[in-house]
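Work through each task with the structure open before turning to its solution.

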Amino acid sequence: MSVLKMQRISICALKKDRKAILEKLQSLGVLEVDIAVGGDAVGGDSVGGDGVGGDGYFRKMDTAGQKAGFERAAAAADQALDVLERYIPEKKSMFAATEGKLLIGRGQALEIEENRREILRTAKKICGLDREHAEKLAEAVRIRNSIEGLAPWMSLDVPLKDSATKRTVLFPGTMPGGTTLDSICEVIAEKAPDAAGADIRIISSEQSMVYLAVVCLKEDAAAVEDALRGAGFARPAQTWEKTPAEEREELEQQEKTCAAETAEIEEQIRELSEHRTEIKIAADYYRVRADKYEVLGELPQSERTFVISGYIPQCEAGHVESWLSERYDCAVDIEDLKEDEEPPVILKNNPFSMNMEGVVESYGLPHKGELDPTTIMSFFYVFFFGMMLSDAAYGAIVAVVCAVLVRKFPRMSPGMKKSLKLFFYCGLSTLVWGILFGGYFGNIVDIVSEKFFGTAVTVPALWFIPLNDPMKLLVFSLLFGVIHLFTGLGIKGYLCLRDGKVMDFFCDVVLWFMLLVGLILMLLPSDIFASIAQTQIVFPGWLNTLAGILAAAGAIGIVLMSGRDKKNPALRIALGAYDLYNITGWLSDVLSYSRLLALGLATGVIASVINQMGSMLPDNIVGVIFFIVIFLAGHTLNLAINLLGAYVHTNRLQFVEFFGKFYEGGGRPFEPFKENTKYADVKEETIP
């Protein structure tokens, strides 16, 4: 339950060692670069301006061009991999997300580095072939459209274009569907009476289009076409020098040639797919180099030296200092952070609680001086999760599946491994709660024993069955909620004492404890609680009197002390009364824990309904088969839905009710200068 202490490290070394030092720091991944050094850190030399060629002795390099070049190379490799994935998808198992990145040795990485230019040419060739393939496909579509466009003209035995003799002219075109030869002749006779000798031939007809050829005298061509245009005549979109039949034969041959060329391009891409792994590693190489040159552009450099500074965990600082000092002529300065300096955050917890760090990170990392709530929260998290899911069989399934995945795929990402371990512990908690509540796929033991064996067998609950006694579960849900909330308030009190805020501890913690404990003690012997818990609690008179005194003293103290920073008495009382109104927020928070009852009952009720549906089938082989199908499908769906519900509502109880009492968050995560690879990891290095 801690945040790793950060220190600032500043390294001033010779420029000739810059490449080796940067690559070593990048491979270690323990330094977050933050150039904020002044004269003291670099032996009296000042850092120049932000741009290239500042006024100071140290200046910054312009590495934007090199960085952009590496980024383009990485993008080209990524694009080539996308192309290969489209043509020759990489075979992946259903658990590919848990397998992690490819692990390679430093020697293999160096070999790829030496051949990177050839690999990049291969990647660009793949991208070029993909463009050619797209062009061929577009050409094939164009040819196919042309062939389809020729179909209505196939009975025309002359080229599909305007043609003429010495006295006559022929031009093809289309008219709206339903147009007849008689109607065309009527249009010409009406609007071009001098061209009555024009010959109209309908080539083919469709529902929406009529295809025709018009032959008339040259001097009448314009008048005839104008007359026909008024009735919807239009020239064809394409014309050909050959007859439609000859043109179609030629287009079909072009289509075959295009298909053969397309297949040849696909085969070339398949042959290049054997370089997939090399391209992946090369893409990572260029990506890492781009990150390196981005950092290089931020470093203050003189003619012979350079400076790099940033945050480093205290546990790593000494090792890095000794390693650098032994191998290079450099000055390494390690110092504690300033009071007003907000460092990046790395959480450090025990093996159990570290798996819940993602929950805290999703809410917000602790800022400087704030307590890491992971360890305390983790126990409540697992406790509430199991209570919500509360079926022993479901818990066993979740725990076994997560344990197998973690063991079978050791190379999975750290985030994925933490998530699976989180659900493993939640599965164990669910198993325990299921045994306490007697839930094993709902009431499957009762149903199966009665339906198929004639005698009902019930597995007794070690505690009680929630479906039979829901009010008891409600009371305990609220009790666990009060414990959870009081723990949060207690942590707030600890933080006040740690920071020396004794008055805040008394006014904001002790008084609220007095009020809340007093109200609870007053509620327990009441008729309202007796009707809910179905039991009567009787306190001795002195305890009832003490409860009233605690509640009254706490309420009066809150009214008088909540606005203690205000000098105006009326304003102090008003602010205190407003703060006392927050008791309704406490009531709302406690009632929020009734979701433990709701989700716990939902799991059991739905499971029992599924079992009951399966038991309604006849006692024969068909009934058994359908029972198994309903059992598997129904319980799989029930597990999935309630697993999601338990996860969401457990998070909600931590974020809103628990963290709201003492935790703010807002810290910045540690982002080290490291090898941010996408496809492969080089075997980790440690400082010898």
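Throughout these exercises, contact means heavy atoms within 4.5 Å. Helices (H or I, at least four residues) and strands (E, at least two) are DSSP runs, numbered from the N terminus. The model is predicted, so that local features need pLDDT of at least 70 and side-chain atom pairs count only at pLDDT 80 or more, while totals for chains, interfaces and linings use all residues. Residues are numbered from 1 along each chain as its sequence is written, and side-chain values use heavy atoms, with hydrogens and water left out.

**Exercise 1. Determine which residues of helix 2 are buried, and what covers them.**

Solution. Begin with the dimensions: helix 2 (residues 64–87) has 24 residues and reaches 35 Å from its first C-alpha to its last, close to the 34 Å expected at 1.5 Å a residue, where the expected span is 1.5 Å times one less than the number of residues. Next, apply the burial cut-offs, by which buried means under 20% relative accessible area, exposed over 50%, and partly exposed in between (1.4 Å probe, protein chains only). The buried residues of helix 2 include Phe 70, Ala 73, Ala 77, Leu 81, Leu 84 and Tyr 87, and Asp 78 is also among them. Finally, look for the cover, which includes helix 5 (116–150), helix 8 (244–272) and helix 9 (276–296).

**Exercise 2. Decide whether Lys 292 and Tyr 578 are buried or exposed.**

Solution. Start with Lys 292, which lies in helix 9 and is buried, with a relative accessible area of 5%. Leaving aside residues up to four places away in sequence, Lys 292 touches Lys 19, Leu 22, Glu 23, Gln 26 and Phe 673. Then turn to Tyr 578 in helix 20 (residues 569–580), which is exposed, with a relative accessible area of 63%. The C-alpha atoms of Tyr 578 and Lys 19 are separated by 62 Å, and these residues are 559 residues apart along the chain.

**Exercise 3. Describe how helix 23 packs with helix 22 and with helix 15.**

Solution. Two packed helices are described by the angle between their axes and the distance between the axes. Axes are lines fitted to C-alpha atoms, for helices over the stretch in contact, and angles run from 0 to 180 degrees between N-to-C directions. Helix 22 (residues 595–615) and helix 23 (residues 621–658) pack at about 175 degrees, with axes 9 Å apart. Angles under 35 degrees count as roughly parallel, over 145 as roughly antiparallel, 65 to 115 as roughly perpendicular and the rest as oblique, and helix 22 and helix 23 are therefore roughly antiparallel. Their contact includes Leu 599, Ile 606 and Ile 610 of helix 22 and Phe 631, His 635 and Asn 642 of helix 23.

To classify the residues, count Ala, Val, Leu, Ile, Met, Phe, Trp, Tyr, Cys and Pro as nonpolar, Asp, Glu, Lys and Arg as charged, and the others, Gly among them, as polar. The contact of helix 22 with helix 23 then divides into 12 nonpolar, 10 polar and two charged residues.

For the other pair, the axes of helix 15 (residues 444–453) and helix 23 come within 13 Å and cross at roughly 175 degrees, which makes these helices roughly antiparallel as well. Here Ile 444, Ile 447, Val 448 and Phe 452 of helix 15 meet Val 624, Phe 627 and Phe 631 of helix 23, a contact with seven nonpolar, no polar and no charged residues.

**Exercise 4. Work out the order of the four-stranded open sheet and its edge strands.**

Solution. Two strands pair if DSSP finds at least two bridges between them. The order is 7-8-10-9, with antiparallel pairing. Strand 7 (163–164) and strand 9 (199–205) stand at the edges, each with a single partner strand, so one side of each is left without a neighbour in the sheet. Two bridges join strand 7 to strand 8 (residues 168–176), and these two strands form a hairpin with three residues between them. Nine bridges join strand 8 to strand 10, where Pro 172 stands opposite Ala 213. Seven of the nine residues of strand 8 are buried, so strand 8 is largely enclosed by the rest of the structure.
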